[in-house]
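Work through the exercises below with the structure in view. Try each task before reading its solution.

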Amino acid sequence: PEVLDDRVPLPYEVLQHHKRAYFLEVEGDCMSRVYPEGCRVLIDPDREPQSGSIAVVSIDGADYIMRRLLVGANTLVLSPESYNDEWTDIVVSGSEHTVEMVGTVVWYQPAKEME
């Protein structure tokens, strides 16, 4: 996702529960079944992603990625939800990689409604 500087309309009630949240714009189709490319997702950095959440993470300091988080005993699975079958799970086991949990998606705004 790309960090947005634009102003995006947000319901007051959502803002009240996620005061430090910020918007990212979705790039690519790895989550197209849930969030289409170009939509804006609201990320709450204070909400720790749980198993089943859609999380924004950085692996080994790389760019942010957004995937469905599945947590096992010693393994994290970052799973795409895409109509494009070329995307595969990212599996992180043990301590071989550094995973930074950036935040959890808590709301989104379709791009077409923004026009």
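Buried means under 20% relative accessible area, exposed means over 50%, and partly exposed lies in between. Keep these cut-offs at hand. The model is predicted.

**Exercise 1. Find the salt bridges and say how exposed their residues are.**

Step 1. How many salt bridges does the structure hold? There are three salt bridges.

Step 2. Take Glu 25 and Arg 40. Their closest N and O atoms are 3.8 Å apart, and they form a salt bridge. Glu 25 sits in strand S2 and Arg 40 in strand S3, so the pair ties together parts 15 residues apart in sequence. Is Arg 40 buried or exposed? Arg 40 has 13% relative accessibility, so it counts as buried. Glu 25 has a relative accessible area of 24%, so it is partly exposed.

Step 3. Go to Arg 20 and Asp 46. Their side chains meet in a salt bridge, at 2.8 Å from N to O. Arg 20 is in the loop between helix H1 (12-17) and strand S2 (22-25), while Asp 46 is in the loop between S3 and S4; they are 26 residues apart. Arg 20 reaches 55% relative accessibility, so it counts as exposed.

Step 4. Finish with Glu 81 and Arg 68. The N to O distance in this salt bridge is 2.6 Å. Glu 81 lies in the loop between S6 and strand S7 (90-93), and Arg 68 lies in strand S5 (residues 65-71), 13 residues apart. Glu 81 is partly exposed because its relative accessibility is 22%. Arg 68 is partly exposed at 22%.

**Exercise 2. Describe the setting of Ser 79.**

Step 1. Locate Ser 79. This residue belongs to strand S6 (residues 75-79).

Step 2. Apply the cut-off. Ser 79 has 14% relative accessibility, so it counts as buried.

Step 3. Which residue's side chain joins that of Ser 79 in a polar contact? The partner is Asp 89, at 2.9 Å.

Step 4. List the contacts, leaving aside neighbours within four places in sequence. Ser 79 touches Met 31, Arg 67, Arg 68, Leu 70 and Asp 89.

**Exercise 3. Classify the aromatic pairs.**

Step 1. Count them. The structure has two aromatic pairs.

Step 2. Phe 23 and Trp 107 have ring centres 6.2 Å apart and planes at 70°, so this pair is edge-to-face. Phe 23 is in strand S2 and Trp 107 in strand S8, so the pair connects parts 84 residues apart in sequence. Phe 23 is buried at 11% relative accessibility, whereas Trp 107 is partly exposed at 21%.

Step 3. Tyr 35 and Tyr 108 also form an edge-to-face pair, 5.1 Å centre to centre with 70° between the planes. Tyr 35 is in the loop between S2 and S3, and Tyr 108 is in strand S8, 73 residues apart. Tyr 35 is buried at 10%. Tyr 108 is partly exposed at 34%.

Terms used. Residues are numbered from 1 along each chain as its sequence is written. This is a predicted model: local features need pLDDT of at least 70, side-chain atom pairs count only at pLDDT 80 or more; totals for chains, interfaces and linings use all residues. Side-chain values use heavy atoms; hydrogens and water are left out. Helices (H or I, at least four residues) and strands (E, at least two) are DSSP runs, numbered from the N terminus. Buried means under 20% relative accessible area, exposed over 50%, partly exposed in between (1.4 Å probe, protein chains only). A polar contact is a pair of N or O atoms within 3.5 Å; within protein, one must be able to donate a hydrogen and the other to accept it, and residues adjacent in sequence count only if both atoms are side-chain atoms. Contact means heavy atoms within 4.5 Å. A salt bridge is a side-chain nitrogen of Lys or Arg within 4 Å of a carboxyl oxygen of Asp or Glu. Rings of Phe, Tyr and Trp (its six-membered ring) pair if their centres lie within 6.5 Å; planes under 30 degrees apart count as stacked, over 60 as edge-to-face and the rest as tilted.
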